[in-house]
Amino acid sequence: MIYLKNAQQLDLMRKSGALLYEVLCRLREAIKPGMSTAELDVYAEQLIRKHKAIPSFLDYQGYPASICASVNDEVVHGIPSDKTILKEGDVLSIDCGLILDGWQSDSAFTDLNVGVGAISEENRKLIEVTEESFYKGVRKAINGNHLGDIGNAIQTYAESFGYGVIRDLTGHGIGRAMHEEPSVPNFGKPGHGTRLRPGMTLAVEPMIAMGDYHVAELEDGWTIVTEDGSVCSHYEHTIAINEHGLPELLTYPGFALTEEAE
Ligand code: MF3
Ligand code: CO
């Protein structure tokens, strides 16, 4: 069952999303070579609780932290650790979620600045294409379009660079629960899948690998890695198809999607 949000509920989700945006901005600024991913996790939890929100990842199905910190060949769900010390050139993805007044938001980014300038050209391109694939998809998140339009736009763009689009993990509906229906694949056929309607709130989250799209799970029961060991990038926002039937980035307040020449 897909829960459509009314205007008042969308407003509450905007507030939740705006707070998560602030948290992720602070985290971005904090990332430095030499620090551990556990330090970033402690900082994230402090920021979230300071604003009377709840870290949604912590204790979710037993998950032990407030963020996921996935490095290099780790795709998602990397568990923060004081043994994972960031070094220049690492490709670090941070994923975080919170609950404010009962409403969830979920957002992730892959950092371009662990040791500014140290990221290889090849990895920088992967990170930029992952972000742009998200925007290509989200521009299709319009009343009357279908989920497959989003997935197809993401897939077509990412694959045009020879990258692998992870298939085993998807985006998802989000609202009072972190994971609601529908699931939001990063691949698909135009015109296929659930029809998009005003009031739908979705976490759209392309996970793009330099190499092949097959993944494996580590023994910790959480961390997902690429099977071929290639570097992976992740970008996610909680979005709404708003009252006007248009995509709105709830975890990137004020961001205006521009029209794109086809
Ligand atoms: N952001 C992740 C998702 O989109 C959730 C992380 S799983 C958790 O599904 F256990 F870490 F919470
Ligand atoms: Co998500």
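So, is H172 buried or exposed? H172 counts as buried, because its relative accessibility is 6%, and buried here means under 20% relative accessible area, with exposed over 50% and partly exposed in between, using a 1.4 Å probe and protein chains only.

Before I go on, a word on the model. It's a predicted one, where local features need pLDDT of at least 70 and side-chain atom pairs count only at pLDDT 80 or more, while totals for chains, interfaces and linings use all residues. Residues are numbered from 1 along each chain as its sequence is written, chains are lettered from A and ligands numbered from 1 in the order in which they are written, and side-chain values use heavy atoms, with hydrogens and water left out.

Okay, the metal. H172 gives its NE2 to the cobalt ion, ligand 2, alongside D106 (OD), E205 (OE) and E236 (OE), and these protein donors sit 2.1 to 2.3 Å from the ion. Donors are N, O and S atoms within 2.8 Å of the metal (3.2 Å for Na, K and Ca); water is not among the atoms, so sites may look incomplete. Along the chain the spacing reads D-x65-H-x32-E-x30-E. Helices (H or I, at least four residues) and strands (E, at least two) are DSSP runs, numbered from the N terminus. E205 counts as buried too, because its relative accessibility is 7%.

Now the helices. Helix α3 (residues 121–138) packs on helix α4 (residues 147–159) at about 150 degrees, axes 7 Å apart. Axes are lines fitted to C-alpha atoms, for helices over the stretch in contact, and angles run from 0 to 180 degrees between N-to-C directions. So α3 is roughly antiparallel to α4; the cut-offs are under 35 degrees for roughly parallel, over 145 for roughly antiparallel, 65 to 115 for roughly perpendicular, and oblique for the rest. Contact means heavy atoms within 4.5 Å, and α3 makes it through V129, E132, S133, K136 and G137, meeting I150, A153, I154, Y157 and A158 of α4.

The other pair is α1 (residues 7–30) with α2 (residues 37–50), again at about 150 degrees, with axes 10 Å apart. Therefore α1 is roughly antiparallel to α2. On the α1 side we have V23, R26, L27 and A30, against L40, Y43, A44, L47 and I48 of α2.

Last stop, E259, in the segment after β15 (247–249). E259 counts as exposed, because its relative accessibility is 78%.
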